[in-house]
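Hi,

Here is the structure I promised to send over. Have a look at it first, and then read on for what turned up.

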Amino acid sequence: MNIRQLKSLVTFFKEGSFAAAAEKLGLSHSAISVQMQQLEEELAAELFDRTSRPARLTPLGLTIANQAAKTLEQFQLIEKTAA
């Protein structure tokens, strides 16, 4: 798990789709999809329900996205503190 994956997950959560998250982050849809698949593999957990279009977060995915958002806020606080 890395910060880029967490940013992508949180952006998906806020934007509602892989395509919108990709556009917001300046990445390709494919790059976001690969990052999320890698995150799911690393966590050994299904974060997305891909049976619908657009994909949706599972209940576990929603919980992790909320935790990731809090983690990213802490990273931003550290950056502000150091500046």
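Ser17 counts as buried, because its relative accessibility is 17% and the cut-off for buried is under 20%. Keep in mind that this is a predicted model. Ser17 sits in the loop between α1 and α2 (18–25). If you skip the neighbours within four places in sequence, Ser17 is in contact with Phe12 and Pro54.

Pro54 has something else going on: the peptide bond joining Arg53 to Pro54 is cis, with omega at about -5°. You'll find Pro54 in the loop between β1 (48–49) and β2. For context, most residues other than glycine have a negative phi, and most peptide bonds are trans. Ala44 is in the loop between α3 and β1 and counts as exposed, since its relative accessibility is 70% and exposed means over 50%.

Now for the helices. α4 covers residues 59–82, 24 residues in total, and spans 35 Å from its first C-alpha to its last, close to the expected 34 Å. Which residues of α4 are buried? They are Gly61, Ile64, Ala65, Ala68, Ala69 and Leu72. Several of these are three or four places apart, and the general rule is handy here: an α-helix has 3.6 residues a turn, so residues three or four places apart point the same way. The buried residues of α4 pack against α1 (3–15), α3 (29–43) and β2 (56–57).

How do α1 and α4 cross? Their axes come within 9 Å, at an angle of roughly 120°, and the two helices are therefore oblique to each other. The crossing is left-handed. On the α1 side the contact is made by Ile3, Leu6, Lys7, Leu9, Val10 and Phe13, and their partners in α4 include Leu62, Asn66, Thr71 and Phe75. By type, the residues of this contact divide into 12 nonpolar, two polar and one charged.

Asn2 is partly exposed, because its relative accessible area is 32%. Asn2 and Leu39 are 37 residues apart in sequence, yet their C-alpha atoms are 8.5 Å apart in space.

Cheers

Notes: Residues are numbered from 1 along each chain as its sequence is written. This is a predicted model: local features need pLDDT of at least 70, side-chain atom pairs count only at pLDDT 80 or more; totals for chains, interfaces and linings use all residues. Side-chain values use heavy atoms; hydrogens and water are left out. Helices (H or I, at least four residues) and strands (E, at least two) are DSSP runs, numbered from the N terminus. The expected span of a helix is 1.5 Å times one less than its number of residues. Buried means under 20% relative accessible area, exposed over 50%, partly exposed in between (1.4 Å probe, protein chains only). Contact means heavy atoms within 4.5 Å. Axes are lines fitted to C-alpha atoms, for helices over the stretch in contact, and angles run from 0 to 180 degrees between N-to-C directions. Angles under 35 degrees count as roughly parallel, over 145 as roughly antiparallel, 65 to 115 as roughly perpendicular and the rest as oblique. A crossing is left-handed if the near helix is turned anticlockwise from the far one by less than a right angle, and right-handed if clockwise. Ala, Val, Leu, Ile, Met, Phe, Trp, Tyr, Cys and Pro count as nonpolar, Asp, Glu, Lys and Arg as charged, and the others, Gly among them, as polar.
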